[in-house]
Structure formats: structure tokens, C-alpha cells
Amino acid sequence: EALLNQLPANEAVMFADAVHPTHAARPVGCWAPKDVQVAIPQTSGRERLNIHGAIDLETGKTKMLEVATVDAVSTIMLLMAIEAMYPGKQMIHVFLDNARYHHAKLVQQWLAEPGRRIKLHFIPVYCPHLDSIERLWGLMHRHTTHNKCYASFKEFKAAILGFLRDTLPRNW
């Protein structure tokens, strides 16, 4: 909080995380009498969409990467994209969770290279409420996956990515 309140003009703050929505119906907030069976359509698959993203709460800018796997390489790709978003900033603070891929040696080696302008700040364990992008993922689920069934993974993917593209001032 102190960093956010005293941030110099030549620095930026982003909150980063990954989300892995699964192509499956997610019944949420349903009410029915105890003896009534509730049925919703189901999909035949459980394919996942992997999105590694970051959001700047001050400007609303986002960076979203659809990746095959969320790992150290996708973390570096996201950090490179974040650096490219802010060519005039001397330092970019990135807050993220303690996922193993965020701590990976490959990520640490990349950050240690000369000229890197990113500093990682790790949010305490079991505190997702401190990572602001979690609210975005919740909103995405509320509007695209809760109580909805998509006939194909292609439709599911289009709904998720369409929501993110239409909702956010972004840099895709």
C-alpha cells in the first residue's frame, strides 16, 4: 500500500496471475428444494484455456497472453510484454502469487539480466484478495462460465477471450 501511495512518476505497478478456465459447466448460485434434482447441460470435454495476464489498476491497461502451458517461459513472455508496455518507465513493480513458475530459476536468470526494469513482489500465501487481477478472473467467470454450457471448446474459448477483449482497455 505504501508503494502504491508513493509511486514515482517513472514507475508503474501491475498485478499478474494466470487463470485456467475449464470447458465444463459450472453450476453456481442455484437454489432448489432439497428433494428436487437440478440438471444443467454438460459438455463432453474438459479442455482448458490458459491465460497469463496482468493489470495496471491506475491506468486500466492489461496484458493477456493465451499460452499452451503456464510455466516459467510464459512468465518470462508476460514480463517481456509488460516491459514493452512501459518503455518510459524506469521500474515496473509486478505483484504476483507464489506459484512455482514465478520463482523458477529461469525467471530469476531473466530478471538478473542487465537492463531489466521489473521487480517482482510476492503476495503472501493464501491471500488471493491482495492480487487485484483475481477480481478480474472472478468477473470473467461470473459472465462467461457460471451456469453456462458451450457446445464446443471453440465457442467456450471465444466467449472467454471475447469477454476479456470487450471488457478491458487492453494491450493484447
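Colleague: Which strand pairs with β1 in the antiparallel sense, and over how many bridges?

Modeller: Strands first. Helices (H or I, at least four residues) and strands (E, at least two) are DSSP runs, numbered from the N terminus. Two strands pair if DSSP finds at least two bridges between them. Here β1 pairs with strand β2 (residues 50–55), antiparallel, over 5 bridges. Alanine 16 has alanine 54 in β2 as its bridge partner. This is a predicted model: local features need pLDDT of at least 70, side-chain atom pairs count only at pLDDT 80 or more, and totals for chains, interfaces and linings use all residues. Residues are numbered from 1 along each chain as its sequence is written, and side-chain values use heavy atoms, with hydrogens and water left out.

Colleague: How many bridges join β1 to β4, and in which sense do they run?

Modeller: β1 and β4 run parallel, joined by 5 bridges. Valine 13 has histidine 93 in β4 as its bridge partner.

Colleague: How many residues of β1 are buried?

Modeller: Start with the cut-offs. Buried means under 20% relative accessible area, exposed over 50%, partly exposed in between (1.4 Å probe, protein chains only). In β1, 9 of its 9 residues are buried. Both faces are covered. One side holds Glu11, Val13, Phe15, Asp17 and Val19. The other holds Ala12, Met14, Ala16 and Ala18.

Colleague: Which residues have the most contacts inside the largest nonpolar core?

Modeller: A nonpolar core is a set of buried Ala, Val, Leu, Ile, Met, Phe, Trp, Tyr and Cys residues joined through side-chain atoms within 4.5 Å. The largest one here has 24 residues. Leu79, Ile82, Val94, Val107, Ile118 and Leu120 have the most contacts inside it. The elements giving two or more residues to this core are β1 (11–19), β3 (62–67), α2 (72–85), β4 (91–96), α4 (105–112) and β5 (118–122). α2 gives the most, with 6 residues. Apart from this core lies another, of 22 residues, among them Val13, Val19, Ile55 and Met140.

Colleague: What does isoleucine 82 touch?

Modeller: Contact means heavy atoms within 4.5 Å. Not counting residues up to four places away in sequence, isoleucine 82 touches Met14, Ala54, Ile92, Val94 and Ile118.

Colleague: Which residues of α4 are buried?

Modeller: An α-helix has 3.6 residues a turn, so residues three or four places apart point the same way. In α4 the buried residues are Val107, Trp110 and Leu111. They cover an arc of only 100° around the axis, which puts them on the same side of α4. The arc is that of the directions from the helix axis to the C-beta atoms. Their cover includes α2, α3 (100–103) and β5. The face turned away from the buried side carries the exposed residues Lys105, Gln109 and Ala112.

Colleague: How many salt bridges does a search of the whole structure find?

Modeller: Side chains of opposite charge can pair when their charged atoms come close. A salt bridge is a side-chain nitrogen of Lys or Arg within 4 Å of a carboxyl oxygen of Asp or Glu. The search finds 3. In one of them, lysine 157 pairs with glutamate 66, with the closest N and O atoms 2.9 Å apart. Lysine 157 lies in helix α6 (residues 153–167) and glutamate 66 in strand β3, so the pair ties together parts that are 91 residues apart in sequence. Lysine 157 is partly exposed at 28% relative accessibility. Glutamate 66 is partly exposed at 41%.

Colleague: Which residues are linked in a network of salt bridges?

Modeller: Glu83, Glu113 and Arg116. Glutamate 83 meets arginine 116 with the closest N and O atoms 2.9 Å apart. Glutamate 83 lies in helix α2 and arginine 116 in the loop between α4 and β5, so the pair ties together parts that are 33 residues apart in sequence. Glutamate 113 and arginine 116 also form a salt bridge, at 2.7 Å, N to O. Arginine 116 is partly exposed, at 27% relative accessible area. Glutamate 113 is partly exposed too, at 36%.

Colleague: Is glutamate 83 buried or exposed?

Modeller: Buried, at 9% relative accessibility. A polar atom of the glutamate 83 side chain lies 2.7 Å from the backbone nitrogen of arginine 117. Leaving aside neighbours within four places in sequence, glutamate 83 is in contact with Ile92, Trp110, Gly115, Arg116, Arg117 and Ile118.

Key: Polar contact = N/O pair within 3.5 Å; in protein donor to acceptor, adjacent residues only side chain to side chain.
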